Amino acid sequence: MSQVFFTEEHDFVEILAPNRARIGLTAFAAEQLGDIVHVELPEVDDEFDAEEEIATVESVKSVSEVELPFGGKIVAINEDLEDTPELVNEDPQGKGWFFEIETEEDIDTAALLAEEPAE
């Protein structure tokens with residue numbers, strides 16, 4: 001069973017294995033952005049450092065960047081978002097996830113939040 005953590009920026013981090021996580025927006029963030037019209041995701045095998053901008057979410061209201069809470073290599077992306085970005089609004093922590101990332105060592109969850117941050 002996976003464990004879900006959160007960032008201050010209202011991203012969710014679902015721990016799938018000790019060194020693998022699925023990342024996306026929380027329902028609160030998706031609601032605040034409004035109707036999402038485009039999601040730009042990284043490529044599989046791209047490597048990123050912690051706090052590096054990795055994805056862009058465009059809504060009718062604004063454009064937001066997604067930053068990584070830890071570094072690693074992209075091992076999967078949600079290709080469904082290319083044609084149906086509204087999945088982020090409809091099911092953000094389900095079908096609207098962004099990507100999966102693997103780290104060289106186990107993911108340190110100490111800097112993550114156990115509960116979604118207050119508004």
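Predicted model: local features only at pLDDT ≥ 70, side-chain atom pairs only at ≥ 80, totals over all residues.
Which residues does the UniProt annotation "domain: Lipoyl-binding" cover? According to that unreviewed entry, the annotation covers residues 20-102.

R20 belongs to strand β3 (residues 20-25) and E102 to strand β9 (residues 99-102), so the pair links distant parts of the chain, 82 residues apart. Both side chains are partly exposed, R20 with a relative accessible area of 23% and E102 with 29%.

A second pair links strands β9 and β3: E100 in β9 and R22 in β3, 78 residues apart. E100 is buried, with a relative accessible area of 6%, whereas R22 is partly exposed at 21%.

Elsewhere, the side chains of K73 and D45 meet in a salt bridge (3.8 Å, N to O). K73 lies in strand β8 (residues 72-77) and D45 in the loop between β4 (36-40) and β5 (47-48), so this pair ties together parts that are 28 residues apart in sequence. K73 counts as partly exposed, at 34% relative accessibility. Salt bridges that share partners join R20, R22, E100 and E102 into one network. The structure holds 4 salt bridges.

On the surface, E8, E9, D49, E51, E52, E53, E65 and E67 gather in a patch of negative charge. One of them, E9, lies in the loop between β1 (3-6) and β2 (11-17). E9 is exposed, with a relative accessible area of 54%.

How values were computed. Residues numbered from 1 in each chain as written. Heavy atoms only, no water. Patch = residues over 30% accessible without salt bridge, like charges linked within 9 Å, V, L, I, M, F, W, Y side chains within 5 Å. Areas by Shrake-Rupley, 256 points an atom, 1.4 Å probe, with all protein chains shown as cover. Lys, Arg positive; Asp, Glu negative; His and termini not counted. Charge placed at Lys NZ, Arg CZ, Asp CG, Glu CD. Helix = DSSP H or I, 4+ residues; strand = E, 2+ residues; numbered from the N terminus. Buried < 20%, exposed > 50% of the residue type's maximum accessible area, 1.4 Å probe, protein only. UniProt positions renumbered as here; feature names shortened; annotations may be inferred.
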